[in-house]
Amino acid sequence: MQYLLLENVTRSYGDKVLFKDINLSISKGDKIALVAKNGSGKTTLLKVIGGEEGSDGENARITISKEIRTAILKQDPEFNPNDTVLEAVFDTDNEAIVAVRDYEKALNAKDEALMQKCMMRIEDLKAWDIEARIHEILDKLLLTELNQKTGNMSGGQRKRLALAKILIEEPDFLILDEPTNHLDIEMIEWLENYLQQPNLTVFMVTHDRYFLERVCNEILELDAGVLYTYRGNYSQYLEKRETRLQNDAVNLEKTKKLFAKELEWMRRQPQARGTKAKSRIDDFYEIKEKAHTKTDNNELKINIAASRLGSKILEAHAIVKNYGDKRILEGFSYKFKKGERIGIVGPNGVGKSTFLKILTQQIAPDGGKIVVGDTTIFGYYTQDGLNVSDDKMVIDVVRDIAEYIPLDKGMKLSAESLLERFLFPRSQQRVLVSQLSGGEKRRLYLLTILMKNPNFLILDEPTNDLDIITLNVLEDYLMDFPGCLIVVTHDRYFMDKLVDHLFVLEGDGKIRDYNGTYSEYREEKKQETIEEREAVKVVESTAEASKGRATYEQRKDFARLEKEIQKLEEKKATITEQFNDSELSPEKILELSKTLEEINDQLAEKEERWFELSEMM
């Protein structure tokens with residue numbers, strides 16, 4: 001079944017064409033991701049699909065099936081600021097969720113008659129599991145303060161609420177704009193598993209490469225206004241993309257040679273222009289256009305030098321930090337060594353950003369001390385981003401730091417040339433900061449951090465709003481970075497590639513020092529969880545058995561028997577009803593009697609076991 005169809009869709013802003021005459025078809029079960037450089041039009045395409053913007057082309061066609069439920073996750077979702085979290089979740093036209101909402105209201109009002117009516121409605125819609133699903137999803141996304149007003153929530157909390165609302169409603173077709181932003185790693189892994197369900201159809205913009213690898217079966221790339229399709233996951237996309245670029249380069253070279261040949265023919269200006277000649281002239285102009293096609297080979301270039309780092313770098317001695325009753329750090333000590341690459345992991349709210357601010361002496365600890373080496377220069381990339389006036393021009397942001405910037409190998413570069421290497425052409429350097437996209441602001445912020453030549457880099461969520469191509473270049477630079485590196489990120493691919501040592505903030509002031517990659521840590525953690533659960537089951541079963549009470553497995557059998565007995569009773573009632581038919585043949589009566597006897601035997605056996613277990617419950 002086809003869910004979405006785009007035909008001849010075009011969108012431009014002034015002279016800039018984001019995409020032209022693109023076609024796209026999405027069918028049931030597809031899991032498709034859209035990737036592109038920042039500013040190429042990814043979010044705009046999502047807005048066109050969602051009906052927020054139209055196409056410039058008159059012949060464009062945008063069709064979403066009316067037989068399905070579609071939900072769109074925006075980058076900056078909006079809610080009624082006076083609604084609570086629970087009110088926002090219940091603000092829907094989904095019949096099942098509305099039925100649960102009405103039941104909750106009747107329950108609070110103690111209106112027995114209305115409760116009965118709502119219960120019948122829930123029964124008709126088979127919606128009894130929805131309330132449990134609501135609380136499960138809200139818990140997974142750490143939205144536990146259900147009476148909190150949405151107007152008092154942070155941007156990240158509102159994004160998680162919007163995601164929760166969509167997942168609770170269980171639409172057929174999900175359109176997601178950067179769904180992993182503002183999620184911690186555990187949330188992302190849970191969402192990854194959720195989206196892998198075969199009945200879900202997904203179209204998303206994301207830079208999470210593990211998501212692309214494990215969830216998607218097709219990747220679309222928007223490049224220079226053209227939409228390219230690659231069947232398969234992220235690894236297959238990289239291979240096929242490289243093949244396409246090589247083929248494009250070969251074809252362009254052939255076209256240029258053909259153009260040179262045809263240009264020579266045109267300059268001869270033949271006197272007699274017959275039908276063939278006119279056709280050849282028409283072809284010439286097509287060849288000319290193709291031969292002069294400009295390939296966008298611009299790529300971020302980072303070759304900024306790091307300052308020399310001495311033997312004494314950074315030391316933490318018995319650091320203690322509390323916020324009220326919440327313990328962030330309890331006696332943390334560590335001496336950083338040259339070339340260390342450390343990842344900071346832990347759930348949202350555990351204190352990762354506070355930990356970094358203590359290391360950089362922006363926040364004073366309650367106990368202990370931080371010692372910073374004389375040659376240590378921090379480059380601290382924060383989640384808050386660029387802190388400059390919106391009416392300042394891009395070039396002035398860089399000039400305020402330095403007119404010339406030292407590079408590696410003793411070279412230096414002007415502010416204008418450095419901006420060009422960070423994909424800000426001269427024409428864009430006099431643009432106001434307020435006119436930059438989110439990704440462009442992040443790229444400019446990264447430049448302002450690196451151009452100070454730090455030798456101790458601290459990157460707090462550096463992957464937000466950066467496109468995949470920019471991320472790959474940044475990773476290559478950081479792989480060769482000679483100083484110290486600390487990374488906080490929800491991007492597991494980025495973490496695995498760059499760090500081989502973790503500080504795991506476990507809560508209550510505890511930090512686990514783990515030597516290994518993030519993936520190795522997660523596998524070890526999963527195994528520990530499995531072993532803990534098995535141990536708990538054994539302890540519970542032993543304790544319950546010793547008391548003569550039901551074990552965990554017996555409680556499961558009890559619940560299963562109840563359902564099986566109910567189904568057998570329903571089947572028995574259906575067969576008994578059929579005996580009232582006066583036209584039943586003797587053969588049919590015999591057949592029904594045998595079936596009824598079998599059901600009665602099964603019921604007797606299961607009910608006997610049910611009574612045994614009920615005494616233990």
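Start by selecting helix H7 (185-195): H7 gives the most to the lining of the second largest pocket, with 6 residues. What you have open is a predicted model, where local features need pLDDT of at least 70, side-chain atom pairs count only at pLDDT 80 or more, and totals for chains, interfaces and linings use all residues. Residues are numbered from 1 along each chain as its sequence is written, and side-chain values use heavy atoms, with hydrogens and water left out.

**Stop 1**

Helices here are DSSP runs of H or I with at least four residues, strands are runs of E with at least two, and both are numbered from the N terminus. The pocket's volume is about 470 Å³. Of its 19 lining residues, show Glu-186, Glu-189, Trp-190, Arg-522 and Lys-526, the closest to the centre. A pocket is an open set of points on a 1 Å grid over the protein atoms alone, where a 1.4 Å probe fits, with protein on both sides within 12 Å along at least five of seven lines; lining residues have an atom within 4 Å of a point. Colour the lining by type and you get 11 charged, 6 nonpolar and 2 polar residues. (Charged means Asp, Glu, Lys and Arg; nonpolar means Ala, Val, Leu, Ile, Met, Phe, Trp, Tyr, Cys and Pro; the others, Gly among them, are polar.)

**Stop 2: a loop residue**

From H8, step to Asn-217, in the loop between H8 and strand E8 (218-223). Now pick Gly-232: 15 residues away in sequence, its C-alpha is 4.6 Å from that of Asn-217. Beyond its neighbours within four places in sequence, Asn-217 also has contacts (heavy atoms within 4.5 Å) with residues including Gly-29, Asp-30 and Lys-31.

**Stop 3: a hairpin**

Select strands E19 (501-507) and E20 (510-515), which pair antiparallel over 6 bridges (pairing takes at least two DSSP bridges). Phe-503 stands opposite Asp-513 in E20. Between the strands sit 2 residues, and Asp-508 has a positive phi near 55 degrees.

**Last stop: confidence**

Colour by pLDDT, the predictor's confidence in each residue from 0 to 100. The chain averages 85, with 94% of residues scoring at least 70.

Notes
Points joined across faces, edges and corners; volume = space filled by probe spheres on them.
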